[in-house]
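Hello,

Here is the structure for you to look over. My notes follow below it.

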Amino acid sequence: MADRVYPAAKPAAPNGTAAPAPAPAAAAVNGGANQTFPANKAQLYNAARPTYRPMPPPRRKHRRSCCCCCCLFITFFIITIVLLAAIAGAIFWVLYRPQRPSFSVSTLQVSQFNLTSTNLASKFNLTVVARNPNKKISFFYDPINISFNSNDVDIGDGSLPAFMHDRKNTTTLKTVVSSSGKNLDDSAISNLKSKLKNKNSLPLEIKLDTKVKVKVGSLKTKKVGIRVKCSGIKITVPSGKTPTKATTSNVKCKVDLRIKIWKWTF
């Protein structure tokens, strides 16, 4: 290997100043050691920075977005149906002005009321007046079932035939409500006897149950159940064969719809 010669002193510059230091010698060509150099600013900055790691892609929320869309669609559909029904109801009200039919008890006579220790025999003559105040709506009634109750005790049953209730019409209905030898329990008999002993009269409630079909112009609806409940009646038991008249001046009859859903009736 050839020997390297290094100058003993720095050569002087032509103008008398010290010559600049020579550049570092290159690495040996054959098997020489690598020369190390100080790190620059870019290397120092990159060494201080943390290693870059790409973030994983966000998960797609397809299911959640689908559920939100379904909820919004259902809500919008329900609101639309409610608004359309309200508009149709308002138009129907303006065109036809529907009103409920009214019922009242015209007369009620007690022909028989025999109460023993085990059963009851009764007979009532009932007159009911039905009024239809509508100008463009008619009603078709099925046969009407009648029940008489006094303090939740059934004291008579009867019926009225089916009839058609025309527009702006008043119909008078007459029937006989009776109970022939109906067996009652001890509590019911004692309850009726105590009322008769104290006041010689009984409070009475009349219930009329039927189904009605409504006709508006040429359109007929399906049958709907209704109940007419008349309260505020007081009957006096006849002492002989002469029938007694019940007090019907303050009778109030209320008409309610009866909607049946599966096993329940509202």
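Asn134 is buried, at 1% relative accessible area. Buried means under 20%, exposed over 50%, and partly exposed in between, with a 1.4 Å probe and protein chains only.

Before the rest, the ground rules. This is a predicted model, so local features need pLDDT of at least 70, side-chain atom pairs count only at pLDDT 80 or more, and totals for chains, interfaces and linings use all residues. Numbering runs from 1 along each chain as its sequence is written, and side-chain values use heavy atoms, with hydrogens and water left out.

Asn134 sits in the loop between β2 (119–132) and β3. Helices (H or I, at least four residues) and strands (E, at least two) are DSSP runs, numbered from the N terminus. The Asn134 side chain makes a polar contact of 3.0 Å with the side chain of Asn132. A polar contact is a pair of N or O atoms within 3.5 Å; within protein, one must be able to donate a hydrogen and the other to accept it, and residues adjacent in sequence count only if both atoms are side-chain atoms. Setting aside residues up to four places away in sequence, Asn134 touches Arg97, Pro98, Gln99, Phe139, Arg167 and Lys168. Contact means heavy atoms within 4.5 Å.

**Lys136**

Lys136 is also in the loop between β2 and β3. Lys136 is partly exposed, at 44%. A polar atom of its side chain lies 3.3 Å from the backbone oxygen of Leu95. Residues that Lys136 touches, beyond four places in sequence, include Leu95, Tyr96, Arg167 and Lys215. Lys168 is 32 residues away in sequence, yet 8.5 Å away in space, C-alpha to C-alpha.

**Two positive phi values**

Most residues other than glycine have a negative phi. Arg97 is not a glycine and has a positive phi of about 50 degrees. Arg97 lies in the loop between α2 (62–96) and β1 (102–115), and is partly exposed at 48%. Asp152, not a glycine either, has a positive phi of about 65 degrees. Its loop runs between β4 (144–150) and β5 (153–160). Asp152 is exposed, at 78%.

**Ala121**

Ala121 is in strand β2. Ala121 is buried, at 18%. Its contacts beyond four places in sequence are Gln112, Phe113, Asn114, Ser179 and Gly181.

**The largest pocket**

The largest pocket has a volume of about 390 Å³. Of its 17 lining residues, Arg100, Pro101, Phe139, Val214 and Leu257 are the closest to the centre. A pocket here is an open set of points on a 1 Å grid over the protein atoms alone, where a 1.4 Å probe fits, with protein on both sides within 12 Å along at least five of seven lines; lining residues have an atom within 4 Å of a point. Grid points are joined across faces, edges and corners, and the volume is the space filled by probe spheres set on them. β3 (137–141), β8 (201–216), β10 (224–236) and β12 (252–258) each supply at least two lining residues.

**The whole protein**

There are 3 helices and 14 strands. Of the 266 residues, 26% are buried. Among contacts with a separation of 6 or more, 66% join residues 24 or more positions apart.

Best wishes
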